[in-house]
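Please keep the structure in view while reading.

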Protein chains: 2
Amino acid sequence: VNGLFGGGNKDNNSEDGQSKAGIFGNMQNMYETVKKAQMVVQVEAVRVQKELAAAEFDGYCAGELVKVTLSGNQQPIRTDITEAAMELGSEKLSQLVTEAYKDAHAKSVVAMKERMSDLAQSLGMPPGLSEGMK
Amino acid sequence: VNGLFGGGNKDNNSEDGQSKAGIFGNMQNMYETVKKAQMVVQVEAVRVQKELAAAEFDGYCAGELVKVTLSGNQQPIRTDITEAAMELGSEKLSQLVTEAYKDAHAKSVVAMKERMSDLAQSLGMPPGLSEGMK
């Protein structure tokens with residue numbers, strides 16, 4: 001039975017028929033390999049996302065009068081305002097809360113980027129590409 | 001002068017030589033096209049990132065006693081704690097601040113995902129892929 005790509009005539013064209021089948025055969029394998037690689041990347045990315053969602057990062061304002069906790073994907077979890085902070089009045093306290101949130105947000109983003117970069121390298125991707133994984 | 005891929009012998013193999021050159025030629029063009037597409041995606045992604053960084057999203061706790069403003073990439077910008085909120089004490093106020101931050105964070109993330117999804121579609125990518133653009 002002739003293969004899908006014909007190649008029935010056994011004269012000097014068969015070598016050409018086989019090279020074409022070879023090329024298409026390789027493309028098919030390459031396609032399967034890429035598909036599998038995508039699956040692995042997706043499964044790993046989901047695992048890392050869950051890990052980040054469960055992680056906690058604490059941020060503080062100057063003097064640690066306010067403490068803020070965010071998850072590894074920057075979700076707000078908890079705010080702790082001390083009595084001492086309350087005595088500074090609403091305007092000053094608002095600034096301290098923003099400061100603490102900025103601190104926690106920065107720590108959370110740094111940790112997430114590191115985690116994504118580790119993941120990209122463990123999957124054999126060039127370091128630069130991990131930026132796109134964020 | 002023979003082309004890079006030889007093909008000097010003019011007997012019935014020339015058709016095979018040309019098909020090989022054709023295939024490699026096409027692959028070269030495809031490579032150039034993919035390269036250009038990547039450049040366009042990168043330039044557009046940077047433009048959208050800047051747009052998001054400049055955008056502002058306000059979040060509130062119940063009763064709007066606390067208002068929080070985040071950027072389009074979830075950076076904390078401003079917190080506004082009202083006098084009425086101050087009177088509720090540090091524990092209750094801490095909860096209201098967290099609530100307002102969650103509200104602002106959710107709005108910011110939704111807007112960012114929509115913007116990324118629009119970008120992906122404008123670049124001709126299938127909608128599902130935009131998830132990876134986040």
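Five bridges join strand β2 (residues 66-71) of chain B to β3(B), and the two run antiparallel. Helices (H or I, at least four residues) and strands (E, at least two) are DSSP runs, numbered from the N terminus; two strands pair if DSSP finds at least two bridges between them. Within β3(B), Arg78(B) is the bridge partner of Thr69(B).

This is a predicted model, in which local features need pLDDT of at least 70 and side-chain atom pairs count only at pLDDT 80 or more, whereas totals for chains, interfaces and linings use all residues. Residues are numbered from 1 along each chain as its sequence is written, chains are lettered from A and ligands numbered from 1 in the order in which they are written, and side-chain values use heavy atoms, with hydrogens and water left out.

The sheet in chain B is open and has three strands in the order β1-β2-β3, with antiparallel pairing. Its edge strands, each pairing on one side only, are β1 (56-60) and β3 (76-81) of chain B. On average, neighbouring strands of this sheet are turned by 15° against each other, direction ignored. Helix α3 (residues 89-122) of chain B lies across β1, β2 and β3 of that chain, at about 145° to β1(B). Such angles run from 0 to 180 degrees between N-to-C directions, the axes being lines fitted to C-alpha atoms, for helices over the stretch in contact (heavy atoms within 4.5 Å).

Over all chains, the structure holds zero disulfides, a disulfide being a pair of cysteine sulfur atoms within 2.5 Å. The sulfur of Cys61(A) is too far for a bond because the closest cysteine sulfur, in Cys61(B), is 20 Å away. Cys61(A) is buried (under 20% relative accessible area; exposed is over 50%, partly exposed in between; 1.4 Å probe, protein chains only), with a value of 4%. Cys61(B) is likewise buried, with a relative accessible area of 4%.
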